[in-house]
Every structure is written in structure tokens, then in C-alpha cells.
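Me: I am new to this structure and would like to learn how to read it step by step. Could you take me through its features in turn?

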Amino acid sequence: RVHSVKFLGLLFHARHSSIPHIKATKAKCLGALNILKFLSHPKYGCNRKILLPLCTTLVRSILDYGSPIYGLTLPSQLELLDPIQNSGLRIATGAFRTSPALSLCAVTGIHPLHYRHLSHTANFLTTIPEHPITF
């Protein structure tokens, strides 16, 4: 018996839970964060103008993929992904680990994940046709 199925990069569990997909996404983002950590070295690394677009390209693209599908899950489950974006922003800006996440979002101009999930879901729902095609 199969407990989970991966379809188009999204992991669907037999019990309709999005925890396996969120954990797989978190594990994939940790690899991207390691690349950012290497590139942010103070001596031979990149500056903020390069690291911030890299953070949005590497980390946020993984977090945004499929967000209309799993974005409507419980907020407590989606909060598992917040530390990933926050640590990516901390690496890109060179901020301390104790700096608040909302201030990092304000400085960088990147919205928190909760708002991004809601906006992607709203965009997805507006593209659904009013009269579905029947066969």
C-alpha cells in the first residue's frame, strides 16, 4: 500500500496531510541555504545586492511552488516554513540571529510567507473559469 504520491513535485499523503510535503520542501530549502551561507562569506563572498536576489531565486522559488495547493492548510503547519525564509533573509542581509523576522521583511521588501500564500491562492482562484468544461 502506498502512503504518499509525488505528482508534479507535490507530495500528496493518503491521510490528506500536507506535513510530508512541507517537510520535503524544508529539506530541499536547506540545501539552497547552504549555498547562500557559502556565498555570504565575509572575506570572499558576495555583497547584499547579489545575495538578496539569489535568496529570492533559490529559496523563495522552492517555497512558492505549489503554494495555492498546500497554502490552505492549517497555519500551524505552514509556520514550519517560516524559519527557512527568515534564515535566508538573515544570511542575505547579514543580520543577527536575534533580529525580528518582520523587520527583516520590511528591510528587504519581501512579504512574509503567510501573505504570499494568500496572494498566490487568490491569483489561482481568479484564473479558474466560471463555466467549467464538461465531458
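Reply: Let us begin with confidence: pLDDT is the predictor's confidence in each residue, on a scale from 0 to 100. The mean pLDDT of this protein is 83, and 93% of its residues reach 70 or more. This is a predicted model in which local features need pLDDT of at least 70 and side-chain atom pairs count only at pLDDT 80 or more, while totals for chains, interfaces and linings use all residues. Residues are numbered from 1 along each chain as its sequence is written, and side-chain values use heavy atoms, with hydrogens and water left out.

Me: Where in the protein is confidence lowest, and where is it highest?

Reply: Where pLDDT is low, the predicted coordinates should not be read in detail. Helices (DSSP runs of H or I, at least four residues) and strands (runs of E, at least two) are numbered from the N terminus. Confidence is lowest in strand β2 (residues 10-13), at a mean of 72, and highest in α5, at 90.

Me: Which residues of α1 are buried?

Reply: Buried means under 20% relative accessible area, exposed over 50%, and partly exposed in between, with a 1.4 Å probe and protein chains only. In α1 the buried residues are His 21, Ile 22, Thr 25, Cys 29, Ala 32, Leu 33 and Leu 36. Seen down the axis of α1, they fall within an arc of 115° (taken from the directions from the helix axis to the C-beta atoms), so they line one face of the helix. On the other side of α1, Lys 23, Lys 28, Lys 37 and Phe 38 are exposed.

Me: Which members of the largest nonpolar core touch the most other members?

Reply: In soluble globular proteins, nonpolar side chains tend to be buried together. A nonpolar core is a set of buried Ala, Val, Leu, Ile, Met, Phe, Trp, Tyr and Cys residues joined through side-chain atoms within 4.5 Å. Here the largest one has 22 residues, of which Leu 36, Val 59, Leu 63 and Leu 89 touch the most other members. The largest share of this core, 6 residues, comes from α2.

Me: How many disulfides does the structure hold?

Reply: A disulfide is a covalent bond between the sulfur atoms of two cysteines, and the test is a pair of cysteine sulfur atoms within 2.5 Å. The structure holds 0 disulfides. Cys 29 is in none, as the nearest cysteine sulfur, that of Cys 55, is 9.6 Å away, too far for a bond. Cys 29 is buried at 0% relative accessibility, and Cys 55 is buried at 5%.
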